[in-house]
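Here are my notes on the model you sent over. Have it open next to you and go through the points in order.

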Amino acid sequence: MADDRDQVEFIPGALDRAGRFYVAGHRGLVGSGIWRRLEAEGFTDLIGRSSAELDLKDRDAVFAFFAETKPRYVVLAAAKVGGILANSTFPVDFLSDNLRIQVNVLDAALKCGVERLLFLGSSCIYPRLAPQPIHEDSLLTGYLEPTNDAYAIAKIAGILQIQAVRRQYGLPWISAMPTNLYGPGDNFSPKGSHVLPALIRRYDEAAQSGATSVTNWGTGTPRREFLHVDDMAAACLHLLEHYDGPDQVNVGTGSDVTIREIADTIARVVGFTGETLWDTEKPDGTPQKLLDVSKLAHAGWTAQIGLEEGLVSTVQWYRDHVTTIRQ
Ligand code: NDP
């Protein structure tokens, strides 16, 4: 819901290509996509730190990093991220790590006066039974999906912190809520991955080994929306240069497919010709998750990369990197 106490008077415009830009989480799926996009757009002073170099849960280290580097712009794409299995097995980590990462980064960015900051949340912030497609105004109107409520609460706290900074300090910081993302650099680990990379890995391994069947979790009926990470990165820069406001902005394609449809498409793309079985004892998660992207369209941006086109290049990337990707 828009905050009528928002104090910011700011007209967005082109960012300074020479301005120092910190991409938090620059080695992850989203962060690496944003890094590529910023480089392609001519930004010359990009900075990033791996979690081994700078643990964003370490408040003193984060403040020291900001004091030393003084970025003008920040995208916060560092987070503990995972699929249903990881979220429901480690809810404490998803709540505690994400709260600490974002509070540390946002507090340190405030102290050093970062001019423009984009906080990334997730579509799981919305109620489990929110009307579809999900409009930004659905935030905090109902119960969350229990399999990822801890993660969602952390992300909701982040949106509120962005709004609070705007209200209390007048800085034009913004939030974006991406739908399910995929693409080069994704996490294909069997334990930590989201549905789409998990399916790519499963079907590709089945195709390579000559397996006759593949078993997926759930019924295959939930509907999901998928956005290519290069589109996501383009949308992030677009929002930083063309949008300002306290409300989070949904980022998606505006159309969805069933898990069964996406599984069939992936099977076709990787060349798997066997049978697909569904383990209906396993949870489905939210029945439908389609974002209303009219606010983003109003800000002048729509997705460009079609699902099949995006899958072909993602499968190729996976095959090229299968021996070196994170496990
Ligand atoms: P990834 O897991 O691919 O990347 C996360 C990044 O966060 C990694 O680069 C990692 O650094 C960094 N990180 C994690 N913990 C720490 C830490 N303690 N200190 C420093 N860095 C840390 O995630 P995504 O790129 O997929 O997600 C990025 C953002 O986008 C998240 O906020 C997520 O909620 C959001 N999002 C993602 C979606 C998706 O489908 N993937 C969907 C919706 C939202 P390192 O590699 O160095 O360990």
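1. Two strands pair if DSSP finds at least two bridges between them. Helices (H or I, at least four residues) and strands (E, at least two) are DSSP runs, numbered from the N terminus. Look for Arg223, whose bridge partner in E13 is Gln288.

2. Some housekeeping. Residues are counted from 1 along each chain, in the order its sequence is written. Keep in mind that this is a predicted model: local features need pLDDT of at least 70, side-chain atom pairs count only at pLDDT 80 or more, and totals for chains, interfaces and linings use all residues.

3. Now the whole protein. It has 10 helices and 13 strands. Its radius of gyration is 19 Å, close to the 20 Å that the globule rule gives for 327 residues, so the protein is as compact as a globular protein of that length. (That radius is taken over C-alpha atoms, and the rule is 2.2 Å times the number of residues to the power 0.38.) Along the principal axes, the C-alpha atoms fill a box of roughly 60 × 40 × 35 Å.

4. How much of the protein is buried? Of its 327 residues, 48% count as buried. The cut-offs: a residue is buried if 20 or more other C-beta atoms lie within 10 Å of its own, exposed if 12 or fewer, and partly exposed in between, with C-beta atoms placed from the backbone. As for contacts (two residues whose C-beta atoms, placed from the backbone, lie within 7 Å), take those with a separation of 6 or more: 84% of them are between residues 24 or more positions apart.

5. Next, find the open sheet of 6 strands. Its order is E2-E1-E3-E4-E5-E10, and the pairing is parallel. The edge strands, each pairing on one side only, are E2 and strand E10 (249-251).

6. Zoom in on strand E1 (residues 21-24). Which of its residues lie on which side? Phe21 and Val23 are on one side, Tyr22 and Ala24 on the other, and all are buried, which leaves both faces covered.

7. Who are the partners of E1? One is strand E2 (residues 46-47), paired in the parallel sense over 2 bridges. Here Phe21 has Leu46 of E2 as its bridge partner. The chain gets from E1 to E2 through helix H1 (residues 29-40), in a right-handed β-α-β crossover. Right-handed is defined like this: with the strands pointing away from the viewer, the path from the first strand over the helix to the second runs clockwise. Another partner is strand E3 (residues 73-76), also parallel, over 4 bridges. Tyr22 stands opposite Val74 in E3, and Ala24 has Leu76 as its bridge partner there.

8. Carry on to E4 (116-120). All 5 of its 5 residues are buried: Arg116, Leu118 and Leu120 point one way, and Leu117 and Phe119 the other. E4 runs parallel to E3, with 4 bridges joining them, and Tyr73 stands opposite Arg116. Strand E5 (residues 174-178) is also parallel to E4, joined by 3 bridges, with Ile174 as the bridge partner of Leu118. From E4 the chain crosses through H5 to E5, and this β-α-β crossover is right-handed.

9. Is Ile125 buried or exposed? It is buried, with 26 other C-beta atoms within 10 Å. Beyond its neighbours within four places in sequence, its contacts are Leu139, Ala152, Lys155, Ile156 and Met177.

10. Last, the ligand. It is surrounded by 25 residues, the closest being Gly25, Gly28, Val30, Ser50 and Ser51 (here, a residue is near a molecule if its C-beta atom, placed from the backbone, lies within 6 Å of it). H1 gives the most to this shell, with 3 residues.
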